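The two exercises below are meant to be worked through with the sequence and the coordinates side by side. Try each task before reading its solution.

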Amino acid sequence: MNFELVGRRCGTIILITTMLVLFMPGFCPAKYDYIDISNPFLRKIPIAVPHFKSMSASGNEQKISENGSQLLSETLEFTGFFKIMDHASFLEDTRKAGIIESQINFLNWTGIGAELLITGGILIKDGVIEIELRLFDTFKNRLLIGKRYKGQQADLRQIIRKFCGAVIYEFTGKRGIFESKIAFESTGPGNKDIFICDFDGYNARQITHTKSITLSPAWSYDGKWIAYTDYKNGNPDLYIKHLTEKRGFVVALKGVNISPAWIPGKFALAATFSFSGDPEIYMLTGTGKIIKRLTRQWGIDVSPSFSPDGHKMAFVSQRSGTPQIYIKHLDNEQVERVTFEGQYNTTPSWSPAGDKIAYSSLGDGHFDIYVVNIKDKQPLRLTCEAGDNESPAWSPDGTLIVFGSTREGKARIYVMTSFGTDQRRLLALPGEQTNPKWSSNITNN
Amino acid sequence: MKNLWMGLLVVVAITGLLFFASCGGPKEIETEPPESAEQADVSDVDAQQEEELAKQRALEEAEIMRQAKEAREMFLNEDVYFDYDQSVLTPEAQDILRRKAVWMQATPDVKAIVEGHCDERGTTEYNLALGDRRAQSVKVFLEDLGIDGTRMSTISYGEEQPIYPGNNEEAWVKNRRAHFAID
C-alpha cells in the first residue's frame, strides 16, 4: 500500500494501513468470479453499505460516519459494478450489533439479497480520524478485505477511495480508476480554458487562465504533463505543460498546431500541424521537436489516438472525401480504414485493452458515441436520442467512457459504462463543458 | 498628394467595378460654377473660382474617402461561405474573392488575414483543421489571381467563434465562412 503518500503530501501525520485480518483464507477458489469481465454491467452485485459505527459515539463521529458510508456507496456505485441497497431494507443495525465477523448475522443480509456487505467503524481522537473497513461475502460468511486507515478528517475522501480501490482489485485484479483524473474544456471563465477534476467529477479546478481560446487537453501517460492548444499569442499554438512544476514547451508553427495525443509509455506525442499548407499528423518529442511526419495524404488528417502498445495510431482522415477513422501501423506504414458507415466519424479513442476504438458519428442529424471492434470492424452504438454525444475517452481500466453531450441543453460531461449503460452527468460548472480526456491513475500528483 | 491621386484612381476603378451595375454608378458631384461669377470683377472671379475649386476638391476628396471606406468595409464585411464539411470554393465564393482581389491589387499596402470558420457541428479538432483548409483555399485562390502570398496570412478558428448563434441550419450556413481582417 502506498497510502503514506497522502500523509506525506498533506504534511500531516503518517497514515497506516493495517491488514485487520489475522487469518487469510487458506485458499482463494475462484477469486475473481464475482464480476464477469466480458460484460460486468449486465448483472450488478447487490451490496449493503450500512452507516459506519461511531466507536466513541460522539456527535462529530456520527456525522462523519454517515458522510463516510454515503461516500463509499457513491464511489462504489460510480464503477457500475454494484447495486447499492436501500438502507430501509436492512434488518440489522451494524452500529448496534457490531461490525466484525463474529457480531454479524449474515442471514440478515442474505435474507434481503445482499451478496456483499461493507461495515465501517470510525473513531476521532485529537482531530485524527481512524477508520476500519471490512468487506464481507455474506453467502460465504467470510471476510474478504479488512483495512484500517488513519488520517486527518479532510482525508476522508481519499481513505474511502483507497478502500474502494482495494475492493475493485479484489474483484477484477485491476487498479480501478480511483486515482485518475479527467481534463476538459469549460467556458466558465468567459473563454474556453482547461479544467481538471477527479474521476468522479469532484474537486474541479481551472488549470489554464489564458483569457483566450484554450482547448483539446491531452494527458501524458503518467499524468504529469498536459498538452493543449491555445490562442493566447493569436495563433492556435501547441502548449506542453507540466502540471505541478512551472515548466513547459510551446510549438508555434505557421498554421494550426492542434489535436495533441501522447504516445503510451513515452515522453512523446503526436499532433496536427498545417505549416505545409495541409493539416498533417506529426510525431514530436515531449519538448515539442518534430521527430517525423506520420500522414502524407492531401486533405485533413487529425485527432491521433495510440494503441496501448504504441505501435498503432488511430486517426481521422478526409482522404475518402468525408471524415473517417483509420489505423496506421507505425511499424510497416500500412493504413487501414476502420469506419464505413456514416458520413462523419471523428474523435477516435483507443481502449486500454487495445481491442476497441470509441468514436463519435453523425447520423440522423445528431452525433452519437460508437465503439468499434478493431478485428471485425462491427460498430456498436452506445448513445441514442439524447442530443449530440461527442468526444469519448476511456477510463484507465477500460470499464467506463467519459464523453460530452448536449442532452440537457448545455454541453456537459457525462459518464457511462463501456457497454453504454448507466449514463449520468459527471459534473455541471458555470458555462459549458466539452472534450473530456481521462488520465491514467496518477500516483504522485 | 501622390497618394491621394493614387487613391482616387483606385477608388474610381473599384467603384466602377463594385457599384456601377447595381447602384447606377457613383453619385455625380456638382461641378457647375455659380452664374453670379460672370458679373464680378476679374480678381473677384479668380478668388471666387479658387474658392469654388477648393470646395469642389474637398467634396471630391470626401467622396473618394467615403468610397474608399465603403470598399474597405465591403472587403472586411463580405464573408465567403462554404458548403457543409467542404473547403472547396463555390462559384459565389469565387465571385466575392475576385472582387476582393481587385481591392487588394488596388491597395498594395494592405496585408490581409484570412480567418477560416466552421459551424458548430462536428468535433473541435476536425473543425480547426477544416477552418484551416478553408482559409488556405481562399489564400490559394487569391494567389492564383495574382495577389502576393506574403500579403496574406491564415488563421483557423474552427467552431470557436460563430458569428451567428443558434443550433439550426440558418445559423450553420452563416458560420461556415472565411472572414477577412486587415493585419
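**Exercise 1. A strand and its partners**

In this predicted model, take strand β5 (residues 116-125) of chain A and work out how many of its residues are buried, and with which strands β5(A) pairs.

*Solution.*

Step 1. Begin with the accessibility of each residue, where buried stands for under 20% relative accessible area; by that cut-off 8 of the 10 residues of β5(A) are buried, so that the strand is mostly covered.

Step 2. Look next for the parallel partners. Strand β2 (residues 45-48) of chain A pairs with β5(A) in the parallel sense over 2 bridges, and here I47(A) has L116(A) of β5(A) as its bridge partner. Strand β3 (residues 53-54) of chain A is likewise parallel to β5(A), again over 2 bridges, with K53(A) bridged to G121(A) in β5(A).

Step 3. Then turn to strand β6 (residues 128-137) of chain A, which pairs with β5(A) in the antiparallel sense over 10 bridges. In this pairing L116(A), the bridge partner of I47(A), stands opposite D137(A) of β6(A).

Step 4. Finally, follow the chain from β5(A) into β6(A): the two strands form a hairpin with 2 residues between them, and D126(A), which lies in the turn, has a positive phi of about 50°.

**Exercise 2. The contact between the chains**

Describe the contact between chain A and chain B by its residues, its buried area and its polar and charged pairs.

*Solution.*

Step 1. Count the residues on each side: chain A contributes 36 residues to the contact, and chain B contributes 21 residues.

Step 2. Turn to area, since the size of an interface is often given as the accessible area lost when the parts come together. Between chain A and chain B about 2,200 Å² is buried, and carbon and sulfur atoms give 55% of that area. Within chain A, the residues that lose the most area to chain B are Y231(A), I300(A) and Y344(A), which together make up 22% of what that side buries.

Step 3. Search for charged and polar pairs. The rule finds 2 salt bridges across the interface of chain A and chain B; one of them joins K192(A) to E160(B), whose closest N and O atoms are 2.9 Å apart. The count of residue pairs in polar contact between the two chains, both residues being at pLDDT 80 or more, is 6.

Step 4. Ask which elements supply the side of chain A that touches chain B: those giving two or more residues include β11 (214-219), β19 (301-306) and β31 (433-438) of chain A. The residues of that side divide into 15 nonpolar, 16 polar and 5 charged.

Methods. Residues are numbered from 1 along each chain as its sequence is written. Chains are lettered from A and ligands numbered from 1 in the order in which they are written. This is a predicted model: local features need pLDDT of at least 70, side-chain atom pairs count only at pLDDT 80 or more; totals for chains, interfaces and linings use all residues. Side-chain values use heavy atoms; hydrogens and water are left out. Contact means heavy atoms within 4.5 Å. Buried area is the accessible area (1.4 Å probe) that two parts lose on being put together, summed over both. A salt bridge is a side-chain nitrogen of Lys or Arg within 4 Å of a carboxyl oxygen of Asp or Glu. A polar contact is a pair of N or O atoms within 3.5 Å; within protein, one must be able to donate a hydrogen and the other to accept it, and residues adjacent in sequence count only if both atoms are side-chain atoms. Helices (H or I, at least four residues) and strands (E, at least two) are DSSP runs, numbered from the N terminus. Ala, Val, Leu, Ile, Met, Phe, Trp, Tyr, Cys and Pro count as nonpolar, Asp, Glu, Lys and Arg as charged, and the others, Gly among them, as polar. Buried means under 20% relative accessible area, exposed over 50%, partly exposed in between (1.4 Å probe, protein chains only). Two strands pair if DSSP finds at least two bridges between them.
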